[in-house]
Amino acid sequence: MNYDFFIDGEQYKISFPKTFPITKMNFIKQHQPLIDKKYKFIYQPICKVGCKTIKTWMLSLKEEDLTFEMGEEEFGKRTEFMHSRGDFNIHELCIMLYGITGYHETIHKNYDGIYISAENIKKLDKENFEIVDELKSYFKFTFTRNPWARIVSAYLEKFRNPNGFTYRQAIDMNHSWKPLIPEKCFSKYFDTDNILSFEGFIDILYQLSKTSYNNFDIHFLPQYIMNDMYIKDYDFIGKLENFENDFDKILKELDIKIKPKYKIGSNSHQFQKFYKFYENREDLIYKVFEIYKEDIERYNYKFTDLEK
């Protein structure tokens, strides 16, 4: 597919490699809702919105006695250590224990052949699903995050991780765009190490979003897209910025005593102030607004909410 791409007012025709497009359907396995039938709740994960912390908490519910014995904080530390050491993957383990959909590896080759577990999910059409009536009384929740902060966090983790530039989809995006950018504009999009700059990264997402969100990695997709894919009526939508207070409301509703007394996730940007990426860059503030307009309006976010 060809895209009209504008750089400094000049129009270019961009043709993607055969590995594209990526659509939200590529992420059914990774981003499916997680269901706990003991406590009767359904959680919809969103990348870069505390999902690893919440998934670790869900794992602790499978080991309640052990969690109470060692304490929630220690359980979180050990789980993250075992995840980082490669003993298991928190995301994959939660899919195995709590995943709401059936899944076949052929999903990437044949979207029409998606297998959805009739026990939990009804397929409405090619790209939309609904939980079965028997589960609609379950407490359904998700969390959202300020889009201006979330996209900086995603960029830093996937493109500027101190442990190395290793995320496959980011590498693919980098390699795919490198030959497409005209030489005279190259420094506007790539840093001296030939990795996409934050400015270039945002501009690419901005221009792609004018046509569709295809070719967005799951970590860059607007939050509402995944939130709407399965669950149509949430009982609670918390905000990462108010995580502790909002999660306490969930625990009270579900009558669960175990708390997520930890913050599991990337440490690649723990000392970064996200607003600094936008200093004196009204153009970047505007582009992120346009990319994530639905998130910003639906979940009531403002750029000025960013911590300074």
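A salt bridge is a side-chain nitrogen of Lys or Arg within 4 Å of a carboxyl oxygen of Asp or Glu. The views below come from a predicted model.

**View 1. E199 and R281 form a salt bridge.** The closest N and O atoms of E199 and R281 are 3.2 Å apart, so the pair lies within the 4 Å limit. The two residues come from distant parts of the chain, 82 residues apart. E199 sits in helix α8 (residues 198-209), while R281 belongs to the loop between α10 and α11. Both side chains are partly exposed: E199 has a relative accessible area of 25%, and R281 has one of 24%.

**View 2. A network of salt bridges includes E199 and R281.** K188 and D283 are the other members, and the four residues are linked by salt bridges. Side chains of opposite charge can pair when their charged atoms come close.

**View 3. E72 forms a salt bridge with K261.** The closest N and O atoms in this pair are 3.9 Å apart. E72 lies in helix α3 (residues 72-85), and K261 is in the loop between α10 (243-254) and α11 (282-291). E72 is buried, at a relative accessible area of 13%, whereas K261 is partly exposed, at 48%. The value for E72 counts as buried because it is under 20%.

**View 4. R85 and D87 meet through their side chains in a salt bridge.** The N to O distance is 2.4 Å. R85 is exposed, with a relative accessible area of 52%. D87 is partly exposed, with a relative accessible area of 40%. R85 is classed as exposed because its value is over 50%. The bridges shown in these views belong to a structure that holds 23 salt bridges.

**View 5. C47 is in no disulfide.** The nearest cysteine sulfur to that of C47 belongs to C51 and is 5.3 Å away. C47 is buried, with a relative accessible area of 10%. The structure as a whole holds 0 disulfides.

**View 6. C185 is a buried cysteine.** The relative accessible area of C185 is 5%. This value is under 20%, and C185 is therefore classed as buried. With 0 disulfides in the structure, C185 is shown here for its burial.

Conventions:
Residues numbered from 1 in each chain as written. Predicted model: local features only at pLDDT ≥ 70, side-chain atom pairs only at ≥ 80, totals over all residues. Heavy atoms only, no water. Helix = DSSP H or I, 4+ residues; strand = E, 2+ residues; numbered from the N terminus. Buried < 20%, exposed > 50% of the residue type's maximum accessible area, 1.4 Å probe, protein only. Disulfide = S-S within 2.5 Å.
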